[in-house]
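Subject: Structure handover

Hello,

Here is the structure I promised to pass on. Please open it and keep it beside this email while you read.

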Amino acid sequence: MNKINDFSIVTNNPIVKEKYSQVIFVDGGFEDVLIKTRDLVHSGHELINHPLGASIRMFFSPYRSIIVSSKSTELVDNEHVSIMESSIISYRKQMENRMPDIVNSQDYAIIDSELLDSSVEEMKRFYN
Amino acid sequence: MYKILYYVNQFFGQIGGEDKAGIEPEFHQKSIGPAMGFGVQVKGQAEVIGTLICGDNYFNENREAALEYIMNVIKEQKPDMVVAGPAFNAGRYGMACAGVTVAVQEQLGLPVLTGMYEENPGVDACKTKVYVVKTGNSAAAMKDALPVMGKLALKLLKGEEIGKPAEEGYLPQGRRLTVIADERGSKRAVDMLVARLYDKPFETELPMPVFDRVTPAAAIKDLSKATIALVTTGGIVPHGNPDRIQSASAQKWGKYDVSKIDELKGDYYTIHGGYDPVYANEKPDRVAPLDLLKEYEKEGVIGKVFEYFYTTTGTGTAVGNSIKFGTEIGKELKEAGVDGVILTST
Amino acid sequence: MKLEQNRIYIKDIQFGDVTAVNNGILTVNKEEMINFLKEDPKVKDVKLDIARPGEKTRIIPVKDVIEPRVKISGGKGFSGVTQTTTQLGDGIVNILYGAAIVTVGDIVGFQEGVVDMWGEGAKYTPFSKTFNLVVDIEPAEGLEPHMHETTVRMAGLKAAEFVGEAGRDAKIDETLTYDIGNIDEETKKYPNLPKVLYVEMLISQGLLHDGYIYGVNSQLILPTLLHPNEEIDGAVISGNCVAACDKITTYQHQNNSAILDLYAEHGKTINFIGVIITPELTTLQGKFRSCDYTAKLCKTLGANGVIVSEEGYGNPDSDLLMICKRLETAGIKTVLITDECSGWDGASQPLADTTPEAVAVVSGGNVSHVVTMGPADKVIGNDKAIATLSGGWEGCLEADGSLKCELNAVIGATSEIGFHYCTAREY
């Protein structure tokens, strides 16, 4: 990624869809967002932030937003592919006996959006 | 007094050696071979009410029939527990002990116990589900194994808490249980660090998994001149399964001449026990794409499809056996001048 | 730096006319304390309650736990947060030892964080053994989430200072001295002892996922060096509300067990030269930078051994193992403290990430371990949070009213600074 605006957000979060213009909207769950991002990373998009949250609780979130570069290159980053694949395995393992916490959907959407804003701010400190 | 039913192979059942490995299962209402020694260990609290004997080859090649007989005997005899082996390092015996104990536990819910040398392929087939007492690699270790098995069997019968693998003498089952330690985590960390700094022994609480990494071979420079072989662990075999490759926990692999056919469809089917066979049986090329390779050969994309197709079943197959199969198949392919391999799994 | 911690043993908490300690009994003037906290116009209402060890009381959802203290000399309370900035780590502090301020209040509906004062649940949280003054904060209406979180966080810290004042003139039961000089002095004193650093990772990812050092949000820092005394004197506080089992509460910073256990070996088997706080960021670039910088600090300071503690599970596993890899590659012996997620049956791969360099790891237990907790006589906080705690899977509420939950929901259960006793063993 060269410039700060060269990013896209893979998300299933309606708040994020409203708030940002460069959104790849996924009509599905957390896992579908992971899979869509994995496919993009496999086809040469750079993975900007880590696909998983920082606690088990956030695994139960119905919503997730992940930042990738908007342009793809010929070079697929194996490290990024491996992060995506292992994150999908972790996600499935974690959700084996649990379901997304639908009751609190609205709060998860807000927190996911807030955490995304923080990631975007953090990203701006690298790409400018 | 608890009642225990014992399982042994033809050798420990005192019927005969390799020449008797094909015998069908039979039941005797008495203690035979290790069942006698085991009985001594549990004396006063439990007794062996009978011994099941089955040929190792028979069990592994006629698993369903063997298990049906064995389960029926167990249902009739109504033991409180089934003990099998110890199988030491005998692979087929180990697989049979694994097959019997897992089936009894899963289908009848009875406590079970077996014993094996840690490299026995039977270990991988059952250790996460049943207790496998760690033994030496030959029958010379019988006298050490039986007391450990006896003690653990009594604990299992009584429903007592089972301690750590090293304390009880069984092989780790790969289950990580949460317990309360004597020291808090930070103290354990400081102790571990001090041990490391002073080159003293220490034991990690979370061993990292060990992955068997293979360095990829160099890329094929000119695919149009390359000979490509097709290999699968998807259990695709000619109709009738002429080499009787097992549908799970494979003990062998097979190779078949595919030089005269354009696809596997028609002559082949799957014996794999680990997936729904409908779509593979409709067109086995979906598992091992001989059809496409042959097309590529015609179009000149690849030089040649190697004349033999190699196959085995991946599901439940012990890592040790997989390494052995891979090494054997690889050696043949290399000697035949094959340049590349398409290896498919399911 | 030299810090004297005077412990005043607290054997009970009661409400009374004055806020004071007499014969080990802490009395709190409820009205005064509530009025003090309501001086912040963003606080609409405050409820106070007491939970004692052994009582059939459940506290939920816990936001933070804070130890009540008062600084007698050498700086002020939570420097840069509730107080103007002063240097912490020197001087004298009086501690109401055995008491804790527990803040509850749901900033978001999915917060968990349970403390059971009795029975099976009590075994898994260190805060079942403290006398807890529970502060339930209701903020003014219409506060946006960031302000809501800040309001509750600040109210908790102020509550701890308010109660801590009661220790100013109380009878001291025990004095502990924490004294480590500069690296040069200590190395002259102990020339043959290996130099050891402690790397403390903090979740630094945004709302409900933050930590603060002298009031600075750790998202904004490069890894930074602290004297061990600064942290145990209140320089680091928690703004993290979602990782109940493995978040580091403010109480656990004030009493960071990794620091205290390293202190105990200082001058005996090791030369403890400092604490590095490392932010766990969200971007991959950020993670690489933090990890490189952390390893560089350890190398520059000449560490022979390092303990690294994690906070959280998921993306922080990457940072933990990257730091480990860099340190081990540089020849620095490293011990990691983490927790694991190996599924209900304990049969899954425990970490989200792995590296062969992680040869020495302490586990705080399996966050998915299921515990059954009996019905409580009294619930402090929000009943509805129990539904969240037990929601999401079948069969979690038993007929007798006891509930099954994963350790994940229990405050401090699988502490990754090694504050508690849980571990996972292979069977």
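Which residue is the bridge partner of B:R176 in strand 26 of chain C? The partner is C:E426. The strands here, like the helices, are DSSP runs numbered from the N terminus: helices are H or I with at least four residues, strands are E with at least two.

First, how to read the model. Residues are numbered from 1 along each chain as its sequence is written, while chains are lettered from A and ligands numbered from 1 in the order in which they are written. This is a predicted model, where local features need pLDDT of at least 70, side-chain atom pairs count only at pLDDT 80 or more, and totals for chains, interfaces and linings use all residues.

Next, the scores. The model has ipTM 0.97 and pTM 0.84. Chain C has an average pLDDT of 94, and 97% of its residues score at least 70. (pLDDT is the predictor's confidence in each residue, from 0 to 100.)

**Where chains B and C meet**

Strand 7 (residues 176-180) of chain B runs antiparallel to strand 26 of chain C, and five bridges join them. Two strands pair if DSSP finds at least two bridges between them.

The whole contact takes 31 residues from chain B and 49 residues from chain C. Two residues are in contact if their C-beta atoms, placed from the backbone, lie within 7 Å. On the chain C side, helix 7, strand 20, strand 21, strand 22 and strand 26 each supply at least two residues. Strand 22 of chain C gives the largest share, six residues. By class, this side of chain C has 23 nonpolar, 18 polar and eight charged residues. (Nonpolar means Ala, Val, Leu, Ile, Met, Phe, Trp, Tyr, Cys and Pro; charged means Asp, Glu, Lys and Arg; the others, Gly among them, are polar.)

Now look at helix 8 (residues 185-197) of chain B. Several residues of helix 8 of chain B are buried, among them B:G185, B:A189 and B:L193. (Buried means that 20 or more other C-beta atoms lie within 10 Å of a residue's own; exposed means 12 or fewer; partly exposed is in between; C-beta atoms are placed from the backbone.) What covers these buried residues includes parts of chain C, such as strand 14 (195-203), helix 7 (257-265) and strand 22 (361-366). Just after helix 8 of chain B, B:D199 takes a positive phi of about 50°.

**Chain B as a whole**

Chain B has eleven helices and 13 strands. Its C-alpha trace spans about 75 × 60 × 35 Å along its principal axes. Of its 346 residues, 42% are buried.

Chain B is divided into domain 1 (2-168) and domain 2 (223-344). These bounds come from an automatic or database domain assignment. The domain centres, taken over C-alpha atoms, are 35 Å apart. Eight residues of domain 1 of chain B are in contact with nine residues of domain 2 of chain B. On the domain 1 side, helix 5 of chain B gives the most, with three residues. That side divides into three nonpolar, one polar and four charged residues.

**Inside chain C**

Helix 3 (residues 145-164) of chain C is mostly covered, with 15 of its 20 residues buried.

In one, three strands of chain C take the order 11-6-24, with mixed pairing. Strand 11 (115-116) and strand 24 (378-381) of chain C each have a single partner strand, so one side of each is left without a neighbour in the sheet. Strand 6 (residues 57-60) of chain C runs parallel to strand 24 of chain C, joined by four bridges. There, C:T57 stands opposite C:K378.

In the other, three strands of chain C take the order 16-15-18, and the pairing is antiparallel. Two bridges join strand 15 (residues 209-213) of chain C to strand 16 of chain C. C:I213 has C:V216 as its bridge partner in strand 16 of chain C.

Best wishes
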